[in-house]
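Let's walk through this structure together, one chain at a time and then across the boundary between them. Keep the 3D view open as you read.

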Amino acid sequence: MQSFIVNLLNGLSYGLLLFMLSAGLTLIFSMLGVLNFAHASFYMLGAYVGFSVAARAGFWSALVIAPLAVGLLGAAFERWLLRRVRVHGHLPELLLTFGAAYLLGELVKLGWGLSPLSASVPVVLDGPLFSLYGAVFTRYRAFMMAVSLAMLAALVAVLRVSRTGLVVRAALTHPQAVEALGHNVPGVFTGVFAAGTALAALAGVIGAPLFVIEPAMAESLGSIVFVVVVIGGLGSLSGALVASLLVGCVQTLAVASDVSLGEVLSVAGVALPPAWDALTLAQLAPLIPYLLLVAVLALRPRGLFGRRGDHA
Amino acid sequence: MRKRDARSAARGAVAQPERLGTAADAAGFGLSARSFVRSFVPWLALMAFLALPPFVGSQSWLLAYLAQTATMIVFALSYNLLLGETGLLSFGHAAYAGLGALIAARVFNASGMPLVLLPLVGGMGGALCGGLFGLIATRRSGTAFAMITLGLGELVVAAAWTLPGWFGGEAGVAIDRASGPRFFGLSFGPAREAYALIALWCLAASMAMFALSRTPFMRLANAVRDNPARAAALGCYPARIRYGVVVLSAFFAGMAGTMGLVNIELVSTESVGMMRSGAVLIATVIGGTAAFFGPVAGALVLTFFSVIVASVTRAWPFYLGLFFVAVVLAAPDGLAGFCVRHAARIAAQGWRRCRAAYLWSVLAALLWSATVVLAVQWVYAARFGVDEGAAGVLFGFGANVGADGAPLVSASSVASWWPAVALALLAALGALTTRCAMRAHARFTSPSSGDAR
C-alpha cells in the first residue's frame, strides 16, 4: 500500500498519455463526425518515425519532427482521400479510416520490420525523480505528465482564447454559417485532422520508451482509446479527460496490485472454481477497460459526459 | 443508402408502366418470368461454384479453399444482416462466430451428437452471445454501436487469453469430426464428406438468410436503418429491432464459425480475434452491402486474396488493404453496386458508345495494378526476401543499416536501377491511359444520364 501514491502517479501519467490520443480523436469526431479508426495507427507511425529520427538527430528533434511529419501525412490523408468520400456519408469515411489503419500497419511492418524495437530515454530524463517508501517515480514519467499537461493547456488556450479557436468552435456547430462568413471550413477540417494526428504522433514519441515499438501496438492501445472515448461520451473533451484518467489509473493500479480474484470476490461472498481463484488482478488487467465500458454503458448508455440523443 | 433508394425507386418506375399495361399482358408476363428466372441465376452460380470443383479435382488445397469460402460466405452474409440491412457497423462480429464454435465444440465433445446438426448448436450458441452482447450494444447505433462492439470484441479476445479453461489456452479446443455417430454411412472423417456437409449448410444458411431478408421484420430493420425517428413514429422500437437483428445475425455467425470448426477441427483464440472481425468487414464492404449477393462476391474476393494470393506472395494483406481502400474510394456500394451501376449505364447508353471509355478504363486499371504489384513485390523482396531472419535491422531511412543489412542494400542497389525505370515507365503509361479514360467517360456522361454520379 505504501507505493499507492507512486502507482497513482504512474496511472495518471498513463491516463494523460491516453488523453493525448483521445483528445485528438474527440476533436476530429466532433468536427468531421467521423471516428478516425486509423488514429492509433498514426500514434504507431509517430513512435516509429520518432524512433528513426531519434536514432539520427536525438530525442528532442524527434519530439518536434515526428509529430510534424505525421501531422502532414494526416492532412494529406484528409485532403486527398477522406474529403473524396465525404459526399457518400459517414459510413464510407469510417471504412476508409479502417482501411488506412490496415494499410498503415502493413507499411510499418514493411518499413521497420516485424520484431519489436525499444526506444531509449535521453540521459537527462533517465533515472528516478523521487522515491517514496521504496517505490520509484521516474523522471521520464514526470516529463510525460508535463508534456501532456502542456499540450492540454495549449489545446484549451487555442480553443478558448484565440481567434482560430473561435472559428474552430463555431465550425463545430454551425459549419454553413461559418462558411458564409468567409472562413475556409474545409481548411479548418484539414487543420483539425492534422492537429489530431500530430497529437497522436506526439503521444507515440513520448510513449515509445515506456512500451516496446511493435506493429501490434496500434491495435493494443487503439482499442483502449476507442473504449475511453465511448466511456467519456462521444464528442466530449472533458469526458475524454475523465475517462482517460479513470482507465489509466484503474489499469495501472490493477497491474501493480498483488490481490487475487478470489480474495476480491470473497469480500462480496462469491465463490469461484479454484482455477479462477488463483487469477490475480494483474492478470485480469487487460480486461478492465472493457469491463469498465460494459459497466458504464449498462448504467448510462450515452457515456459519462455524452449528450442525450447524440447519434442515437 | 440513398443510392439504393434511388435505384429501387427507379426499378419501381420501370415496373410501373409495365404493370399498368400499355403493352400486351403476355409481353408483361414474359418480362416478369424472365426476371423470375434471372433471380435464380446467382443461386445456380453459387451452387455450381460449391459443387462442381470437387468433381474436377480433389486436391486437398482445393477442398480447403472451397470450405473456407463457404464459411466466409455465410459469415459475410450474416454480417450484412447488420451492416447492409440495419446499418449497424460492427467491429466484433468474430466474437459470435468464435464463441458459437467454442460452444459447439464443447457440446460435440461432451455429448457425441451427430456432426450434421452441429452448425445448429453453434448457431444457437452464437445467438446466445448475441443476445447477451446485444443488450449493451443495441442501445446505441451509428458510431457508438461500432465502438461498443469493438470494445466487446476486445473483451472476448482478452478473456479468451486470460481466463483458464475457456479456449483451452494456446492449443485451443479440438474436435474429432469422425467421432460422432455415423450418418447414412458417412463418418465425415474424409475431407470430401466434411466439405459436402459444409457446402450444404452454406446453401441452407444462405437461403434462410435470403428468406429472412424478405420478411416484414427485416423491412422494419431497413426502416430503422434509413430513418429511426420515422420508424419509431410508426410504432416500432428501433432499439428492439436492432436487438433482434443482432441476435439473428449472431445465430448465422455462430453457424459460420461452426462450419469453420468442422473444416479445421479446431477452435482457438484466433477465431474470436480482431483479424477475423476485420476480414468479414472487408469482405462485406468489398462485395457491396446493398445487394443480397454482394457479400458472397466479397467472400470470394477475400478468400481469393487470403488463400490464392497468399500462396504466391506474403504481401497479400497489403494488396487486400489497397483493394479495400480502392473500393471504398471508387465504389462505396461495393462490387455489386459498381456492376449494377455500370450495367445500367451501358444499357442506357448502348455498348457502342461506351466501348472506348471502358476499354481505356480497363487498360488504365491493368497498368496501374501492374505498377503497384511490381513496386510492392520489389519492396517486399528487398525487405524480407534476402534476409528474413534479420528483419529487426532498421531499414527505414537507410541510415543505420549495419553489417547485417549490408547484403540487403547491395543486392537492392545493384538491381534497383531497372525496376525503378520500369516503374516510372508503367506509372507514366498508367497516368496517360487514365487521362484518356477520364476524357472518354466525360464525353458521354451528360448531366441527364440517370444513374451515373
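Two residues are said to be in contact if their C-beta atoms, placed from the backbone, lie within 7 Å. What you see is a predicted model, in which local features need pLDDT of at least 70 and side-chain atom pairs count only at pLDDT 80 or more, while totals for chains, interfaces and linings use all residues. Residues are numbered from 1 along each chain as its sequence is written, and chains are lettered from A and ligands numbered from 1 in the order in which they are written.

Start with chain A. Among its contacts between residues at least 6 apart in sequence, 75% join residues at least 24 apart. Chain A has 14 helices and 2 strands; these are DSSP runs numbered from the N terminus, with helices being H or I of at least four residues and strands E of at least two. With a radius of gyration of 20 Å, close to the 20 Å that the globule rule gives for 312 residues, chain A is as compact as a globular protein of that length. Here the radius is taken over C-alpha atoms, and the rule is 2.2 Å times the number of residues to the power 0.38. Along the principal axes, the C-alpha atoms of chain A fill a box of roughly 65 × 50 × 40 Å.

Next, look inside. A residue is buried if 20 or more other C-beta atoms lie within 10 Å of its own, exposed if 12 or fewer, and partly exposed in between, with C-beta atoms placed from the backbone. By this count, 49% of the 312 residues of chain A are buried. Ala66(A), for instance, sits in helix α3 (residues 59–85) of chain A. Why does Ala66(A) count as buried? Because 27 other C-beta atoms lie within 10 Å. Leaving out residues up to four places away in sequence, Ala66(A) touches Gly46(A), Val49(A), Gly50(A), Val53(A), Ala201(A) and Val205(A).

Chain B comes to 19 helices and 2 strands, and buried residues make up 42% of its 453 residues. Find α6 (residues 93–111) of chain B: its axis and that of α8(B) come within 8 Å and cross at roughly 35°. Such axes are lines fitted to C-alpha atoms, for helices over the stretch in contact, and angles run from 0 to 180 degrees between N-to-C directions. Ala94(B), Ala95(B) and Leu99(B) of α6(B) meet Leu152(B), Gly153(B) and Val156(B) of α8(B).

Helix α8(B) also leads us to the other chain. How many residues of chain B are in contact with chain A? There are 44, and they meet 44 residues of chain A. Four helices of chain B, α8 (142–162), α13 (274–287), α15 (316–330) and α17 (351–385), each supply at least two residues of that side. The largest share, 13 residues, comes from α8(B). In α15(B), the buried residues are Phe318(B), Leu320(B), Gly321(B), Phe324(B), Val327(B) and Val328(B).

Finally, consider the nonpolar cores, which are sets of buried Ala, Val, Leu, Ile, Met, Phe, Trp, Tyr and Cys residues joined through C-beta atoms within 7 Å. In the largest, of 205 residues, Tyr43(A), Val74(B) and Ile198(B) touch the most other members. Helix α1 (residues 4–32) of chain A gives this core its largest share, 17 residues. A second, separate core of 6 residues includes Ala357(B), Trp360(B), Leu367(B) and Ala437(B).
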